[in-house]
Amino acid sequence: MLHDGVAVLSLDRPPINNLSFELRTHLLQALDAANADPAVEAIVLHGNDKVFSGGADINEFGSDLATRSPSLPELIRAVENSRKPVVAALGDLCLGGGLELALGCHYRVFSASARIGLPEVTLGLLPGAGGTQLLPRAIGLDAALNLILSGRQQAAADFRDTALVDELATEDLRAAAVDFARRLSADMVPWPRLRDRPLRVEVEDELYIHFVRDRLKGQKGQGPAPLAALEAVAAAGRLPVDEGLEEEGRLFAGLHAGPQSRALCHAFLAERAAGKIPGIDDSTPTIPVERVGVVGAGTMGTGIAIVFLNAGFEVALLESGEQALERGLAVVREHFAGLLAKKRLDQAQCDALLGKLSGSLDYAALGDVQLAVEAVFEDLEVKRQVLRRLDEALPDGAILASNTSTLDLNLLAEATSRPESVVGLHFFSPAQVMRLLEVVRGRRTADSVMATAMRLGKRLQKVSVASGVCDGFIGNRMLNEYLRVAGLLLDAGALPWQIDRALETWGMAMGPFRMCDMAGNDIGWAIRKRQRAADPGLRFSATADLLCEQGRFGQKTGKGWYRYEAGRRGGTPDPEVERLIDAYRTRAGLLPRTIGDREIVERCIYALVNEGARLLEEGIALRASDVDVVYLAGYGFPRLRGGPMHYAEEQGLANVVRRMREFACEEGGDARFWTPAPLLVRLAEHDLGFGRAGELQ
Ligand code: NAD
């Protein structure tokens with residue numbers, strides 16, 4: 001579109017103008033056409049007021065589209081070399097490749113509320129289209145390094161005194177950019193290019209780079225991206241721009257070819273995909289929720305109340321006894337008082353939040369809520385009773401949610417007259433900290449209730465994953481198998497601290513035994529009793545039960561798999577536990593063998609993979625990437641490995657199946673468990689990944 005000699009080229013690829021192959025091609029064609037048109041004197045690149053561009057299209061990363069000509073660096077080169085000046089009009093969001101494109105323009109007009117960022121390191125990459133070379137030339141080396149290494153967004157206005165920002169537009173961005181372009185005149189040629197700006201590197205900059213390099217080298221679990229990004233920025237200070245760009249390209253290619261960036265990009269896309277449920281879309285009606293009830297003010301109920309308050313909801317907390325109610329309300333109040341003391345809230349905010357909290361012993365207090373979550377004792381009859389009372393008290397159309405971890409949601413729903421309004425909202429402990437929310441769909445749960453619950457999850461800033469009904473849903477059902485295999489490793493010859501260390505070194509946030517000590521070993525004890533009753537053929541190590549019989553419930557009793565001493569963080573290995581395991585092996589006639597860390601990891605992680613595949617087969621999980629999201633967001637699985645299912649694909653499903661079969665065949669092994677899930681076998685036979693399971697006949 002031409003405005004008085006200024007051609008406005010619009011990026012128009014909703015929602016965030018990702019720089020796909022198609023968009024790059026159209027932009028380059030439009031740029032060439034504008035340069036060829038004698039009526040055009042200047043060019044403005046514009047998205048819309050909200051978004052300039054969110055950057056590269058991550059969906060292209062697995063294919064050759066990401067690099068197909070015109071690649072992003074080629075497009076940026078063309079912009080830099082444009083004979084006519086190019087002004088970028090930068091709306092609120094300008095990230096990654098979008099910012100790099102802007103850095104290639106001759107001038108930049110930002111909206112006053114614009115935010116910039118280079119999030120590539122969070123995807124295991126570095127800005128590979130000139131960002132590491134041009135941003136330091138615009139804002140200085142240390143500021144650029146901080147932005148690139150943190151991956152965080154920052155207000156463009158913070159850089160108003162640098163070469164990054166030519167103008168901040170307070171009103172109509174596009175009009176301001178066109179006006180800016182109109183003021184340019186031929187006697188200003190050559191048009192300024194950031195690549196031509198000298199980058200002065202002071203001694204302090206060099207010291208800073210040394211300091212950050214040392215710090216990064218000492219950090220574990222980061223993957224190679226931050227250090228590579230640092231080296232690219234350091235190259236900007238050392239090399240002429242073209243050589244620096246070459247170095248950036250070389251470092252980018254190394255990261256792009258590595259497993260960590262594949263895992264991080266997978267995790268990113270998996271989280272986005274998790275919100276989607278077949279048959280439910282933006283046109284599915286949802287139920288407006290502003291006021292909620294929480295029944296049961298124990299560990300989970302108080303955490304859930306905090307989560308809802310934080311997201312701006314009014315919360316009515318309901319208990320069965322005065323004391324429990326007062327205790328619960330005090331927990332919530334103390335939580336916010338703690339934030340006030342740490343200055344993370346001010347008094348007015350704290351008052352406003354607590355003003356939305358009320359407590360009651362009477363279901364009548366829930367007469368005007370649109371949703372109630374019960375978090376009472378994990379007992380079928382208690383919960384059915386509570387749901388019946390909620391059914392009577394809540395208005396028509398309101399949602400009845402249960403936070404049950406193990407009970408059959410369908411049986412709970414049947415206790416009410418509105419099973420279509422019953423859904424599981426499985427929060428994790430502590431609810432105000434853990435990101436994961438399993439949204440459990442019962443047999444009769446309505447689409448609108450699922451849609452509302454998933455949307456609610458977003459508003460609560462949770463990562464929501466839909467799960468069908470089964471014992472443990474997605475996460476805990478897999479966890480049970482993982483813990484079962486960890487227990488059987490004790491029988492075979494390993495010790496708890498060896499197993500924990502092996503898995504923690506591999507990247508798990510916490511090994512299985514330390515995790516059980518934290519959660520309370522009595523919880524697993526109760527689960528095993530129930531599972532054994534339901535399926536007497538299930539093999540468990542007896543060691544965990546023996547531990548519980550001695551009252552070693554974990555951190556809360558000072559002793560569990562480890563010994564906990566006052567004043568010392570974390571547990572220490574306990575010779576008593578070693579003796580308990582030894583004695584048990586002797587009684588049971590088990591001959592301990594030496595087990596390597598690699599085998600420990602294989603068995604524990606493949607246990608997750610096999611159960612994950614079964615969940616997929618049964619339709620409990622909608623997609624393999626949902627299983628990954630559950631493990632990444634809820635169970636401390638290392639993001640650099642992308643989740644158990646992604647990790648299995650990286651190993652090659654045929655290799656995973658072969659290994660499982662070896663475990664299944666060994667003498668005294670658990671052949672039933674290690675028989676690979678049929679889905680895994682068929683995918684491996686057809687050389688397909690989980691994402692292509694639909695192609696199997
Ligand atoms: P909790 O024992 O700490 O709290 C339960 C609360 O419910 C108590 O305060 C009790 O007074 C109250 N209560 C019991 N019967 C009631 C009734 N009829 N009406 C009103 N209040 C009643 O238990 P918790 O750990 O908070 O667990 C609650 C639920 O959350 C369970 O279903 C559990 O499976 C689930 N859950 C727990 C965790 C966890 O790690 N603790 C994690 C996820 C889900």
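About 30 Å³ of space sits in the largest cavity, and the count comes to one cavity of 30 Å³ or more. A cavity here is a set of points on a 1 Å grid over the protein atoms alone where a 1.4 Å probe fits but cannot get out, and lining residues have an atom within 4 Å of a point. The volume is the space filled by probe spheres set on the points, joined across faces, edges and corners.

Keep in mind that this is a predicted model, where local features need pLDDT of at least 70, side-chain atom pairs need 80 or more, and totals for chains, interfaces and linings use all residues. Numbering runs from 1 along each chain as its sequence is written, and side-chain values use heavy atoms, without hydrogens and water.

Now select Glu481, Arg484, Val485, Leu488, Asp670, Phe673 and Trp674: they line that cavity. Helix 17 (473-492) gives the most, four residues; helices count as DSSP runs (H or I) of at least four residues, strands (E) of at least two, numbered from the N terminus.

Next, pick the ligand. Of the 22 residues around the ligand, Met300, Glu319, Glu378, Lys383 and Asn403 come nearest (near means a heavy atom within 4 Å). Zoom in on Glu378: a side-chain N or O atom is 2.4 Å from a ligand oxygen. At Lys383, a polar side-chain atom lies 2.6 Å from an oxygen atom of the ligand. Finish by colouring helix 14, which gives the most to the shell around the ligand, three residues.

Technical notes. Polar contact = N/O pair within 3.5 Å; in protein donor to acceptor, adjacent residues only side chain to side chain. 1 Å grid on protein atoms, 1.4 Å probe; cavity = no way out; pocket = protein on both sides within 12 Å on 5 of 7 lines; lining within 4 Å.
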